[in-house]
Every structure is written in structure tokens, then in C-alpha cells.
Amino acid sequence: MTHQALLTLFPVIFPILAGIFLLLHHVHDDRQRHVYVELSTILSGLLACAVAFCSNGELLVLWRATDSLRLALRMDALARVFILLIAFIWPLVTLYAFEYLHHRPPEDRFFAFFLATCGILNGVACSANFLTLYLFFELLTFMTLPLVMHSQRTEAISGGVKYLFYSLTGAGLALGGFFFFQACGVSTEFTPGGVMGAVTDPAQRNTLLTVTFVTLIGFGAKAGLYPLHAWLPIAHPVAPTPASAVLSGLITKAGIVAMFRVVYFLAGASFLRGTWVQTAVIYTALLTILIGSMLAYLEKHLKKRIAYSSISQVSYVVFAMMLLTPSGVVGALLQVLAHAFAKTCLFLSAGVVIYFTMPTSNYHFTDQLKGVGRVLPITMSCFTLASLSLIGLPVTGGFTAKWYAAVGAIDPTLGWLGIAGIVVLLISAILTAGYLMPIVTDAFFPGAKFDDSHLQPVHMSINMRLPQYLLSAGSLLTGVLSGPLVRCFDDIAEAIL
């Protein structure tokens, strides 16, 4: 074990230890707590960036039971994408949370689990094999559960139980896949290009295809993939807004990372291409996109509408990923970035509206937002920019991601499957505009008969403004400056295809 390999552990273990320390040593002074938490989060992000840019991808073995059962980390190209995304967004949400949670104690407990969740999410990104990935995937559920149940109200407890049920069901399916892979003698070490392409026995191939499908559905529970998607609209409204933001923007990506690993580092594109598994997962993703978009269009509760939108938008990643084409891989990774920036921004903006107009509640409905743009113009401007990215307006990150996904779907080998995907993407874009843009127009243009005499000016602290600025800017810059990102993701696609 070299010193460079050992560095991979730091972004994982440091925030976990920082969270444990905060949980065991209560800090009664708000200022001291905030300084400790923000410095811990920033240092964790800096460690992640240093390892991402300096690591040569060397394997770090943490524990070994047998040659096929070991816990190991590796900072490869895919891990770099996700860990850098976490390093940028997590400190911003933490900064926002300081003011938002001021009236929603206890802060010590929330920030302790919030810090630990960051480390575990880094562990998911850097896992070098199935066993390590599964361990961090399970820990992520238990570490985020207190965030969902933070208010301890009846509906929060109920939402947390539902989140736990769906997450454990998905993890159980994935664990069954691990046992079958081991029984079939398949290596569960993540290898670019996969390890199943060499399997020639028809019976074994059929078994592995079935197991791969079940495993993908299991990991897809965290990403909100149908039929294990129902926890999102339940957990998001009851969780504090900072928790909702990372649940949607980043923690759903844990399911995406796991699915990426199974598809491209375990099964392999050559093993899955043209099989019923590819077809079934693509149709499942398209069905999820339509269900999420339609439910969001019909939903009046603000945070629940954004949660349904996450079900739809994250499945864009699954669709593009399962195309098994270079453009599909690029589109999937671009959508990961675009969605993380836009959806985190949407939740933080929604949280500002709730915080300043309904400070004693966590609930707000879209028909109550008329004229809110006049008292919160910055917030609703950021909300608008993030919405345009989710719709896929040109020059935004969402447009670039959806463009590459559509290009990947045109591949002749996909036939009508690719055409169906493009049609669903277009329908979903129209529905997305239908459930987001009315919020914007009502906020800024409530109508001539609107009485604004009751509106009071709002003064936000920099803690709440800065994250919205940077995240909305990220929604735009991932499209405007997409050239370097596309070149980076092209290299990843070439390596895993």
C-alpha cells in the first residue's frame, strides 16, 4: 500500500469522523458549530479535489477476507466525476442550512449525520468492487434516514419508514445479485468494459442476464426508478429543505453510480447490448420519465412537484446509460451534472420561499406563489434558470445532456427503441415546461388584479443567497462550457465501451 493509494481514504473517512465527533460532543454555541461544520465540509471537499487530481487510480485494500471478498477503494475516472460534484455542492448546501435550520433544531444531530453522509457518498463513488459499493450503499440509507425524519413529526416518521422500506428492498435485490455473481464464479471487481463478456455457456448467460436485471432494479430504487420510486414524493416534503436538496441532487446519484458500475464495470456493454435486459431497463426508464413528468404536472404541493420531477429527470440518466453508445454515456454523465445543479437549486429556492413566507411550516402549494417574485426576485430568478435547464433550453446544461442522449438513441442498432426514447424525451420536456413555468409566470406576473399591498420586503443573508447564485450559474455553465466536459466524458466512454 503506497501513500498515494492511502490518500483515497481521506475524503471518505474525514467527514465521517467529523460527524461522529459532533454527535458525541454537543456544541451549544451556534457560531462555533457553524464554523466547525463548514470548515469540516470545505476541508473534506478540498481533500476530495486533491485526491481526484493527484491520484493515479491505485487500488487501496481496506480489509480482505478472501481473494474475492475484500473492501477496496479506487479513484478512477468515473469516481472523479462524482466526487468533484459532491465537493462543490455539499459545502453550498451546508452554508444554506445554517440559517434554514435556525428555527428547526436540533442542529447538532442534523449536521452530524449530514457530514457523515458526505463521506459515505464519497465511499460509494470510490468503491472498487461490488462488496464495497454495497456496504456504502446500505450505510447511506441509514445515515440519511435521520435527515428525512429530522422534524420528528408524525408525517416525517411515516416518510422515513417508507424511505427505509424502499431502500432496503432495493438493497436486498442488489445483495441477491451479489450472491448469484459469486455463485456463478463471476469476479465482482469493477473492471472497465466488464467481466461477463467471456461467458459463452448459454444457460449461464441467461442466468447472469436475469441477475443483472434484478441488481439494476435494486440499485435503481435509490435513483427513483419505477417501481421502487414512491419514496421520493413522500420523503422530500417532510425532510428539511437542505436534506431534500442533497437527497434529490446527489443521493439519488448513488443509485446511478451503482448502476453505472454494474452495466459498464461488471456486466459490460458487449454482454448487454441487444439483450432483453437492455430493452427492459430502457422501457422501464422511459416509463419512469413519463410517470414522473405527469405526476409532477398534476401535483400542487411545491416540494412534492419538484420530487416527482426528480423521478423523471434522473431516469434520463438511466435511459442514456442503457443505450450503450458513446453519445449515450456522454449524455448520461452530462445529465448527472445538469440535474445535480438544477435540482439542488430548485429545492433551495423552494426552501427560501417556505422559510420567508411560511416560517413555521415545511409546506407550500403552487397556487400560493402569486407575486412571490416581487419580494424574492433573486430566488425566483435562480429558480427560473434552473427550470430552463431541466426543460432543456439551448445553452443550458440540460439541453446539452438531452442532445447527447438523443444522438445516442439514433444508433441504428437500437431501431424503434431509440425512436421511442426521443419521443418520450420530447413529451417530457413539454410536461416539464408545463409544471415549472407557470410557477415562474405567477411569481413575476401575478396579473393586474393582484393586490400586492400585503407583501413585505425580504432580506436574505449571504448564506442563503450565495448557494443559489452558484448553483443556478452551474446550471448554465454546464451548457455554455460543455466542450471540456464532453471531451472528458468521451475519454470515459472510450475506456468503458
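## Basis

In this predicted model, local features need pLDDT of at least 70 and side-chain atom pairs count only at pLDDT 80 or more, while totals for chains, interfaces and linings use all residues. Residues are numbered from 1 along each chain as its sequence is written, and side-chain values use heavy atoms, with hydrogens and water left out.

## Largest pocket

The largest pocket has a volume of about 530 Å³. Of its 21 lining residues, L84, L337, F341, T478 and L485 are the closest to the centre. A pocket here is an open set of points on a 1 Å grid over the protein atoms alone, where a 1.4 Å probe fits, with protein on both sides within 12 Å along at least five of seven lines; lining residues have an atom within 4 Å of a point. Points are joined across faces, edges and corners, and the volume is the space filled by probe spheres set on them.

At least two lining residues come from each of α3 (30–54), α4 (77–100), α14 (326–357), α19 (462–480) and α20 (482–496). Helices are DSSP runs (H or I, at least four residues), numbered from the N terminus. The largest share comes from α4, with 6 residues. The lining comprises 18 nonpolar, 2 polar and 1 charged residues; Ala, Val, Leu, Ile, Met, Phe, Trp, Tyr, Cys and Pro count as nonpolar, Asp, Glu, Lys and Arg as charged, and the others, Gly among them, as polar.

## Second largest pocket

The second largest pocket holds about 250 Å³. Its lining includes F399, K402, W403, L425 and L426. Both α17 (397–409) and α18 (416–444) supply at least two of the lining residues. By class there are 8 nonpolar, 1 polar and 1 charged.

Helix α4 has 24 residues and reaches 35 Å from first to last C-alpha, close to the 34 Å expected at 1.5 Å a residue; the expected span is 1.5 Å times one less than the number of residues. Of the 24 residues in α4, 20 are buried, meaning under 20% relative accessible area (1.4 Å probe, protein chains only).

L208 counts as buried because its relative accessibility is 0%. Leaving aside neighbours within four places in sequence, L208 is in contact (heavy atoms within 4.5 Å) with F181, C184, V186, M196, V199 and F271.

## Cysteines

The structure holds 0 disulfides, a disulfide being a pair of cysteine sulfur atoms within 2.5 Å. For C345, the nearest cysteine sulfur is that of C382, 5.1 Å away. The sulfur of C118 is 11 Å from the closest one, in C49, too far for a bond. Both cysteines count as buried: C118 has 5% relative accessibility and C345 has 0%.

## Backbone features in loops

A cis peptide bond joins Y226 and P227, with omega about 10°. P227 lies in the loop between α8 and α9 (232–238).

L324, although not a glycine, has a positive phi of about 60°. L324 sits in the loop between α13 (302–322) and α14 and is buried, at 1% relative accessible area. V395 also has a positive phi, near 80°, and lies in the loop between α16 (377–391) and α17.

Key: Buried < 20%, exposed > 50% of the residue type's maximum accessible area, 1.4 Å probe, protein only.
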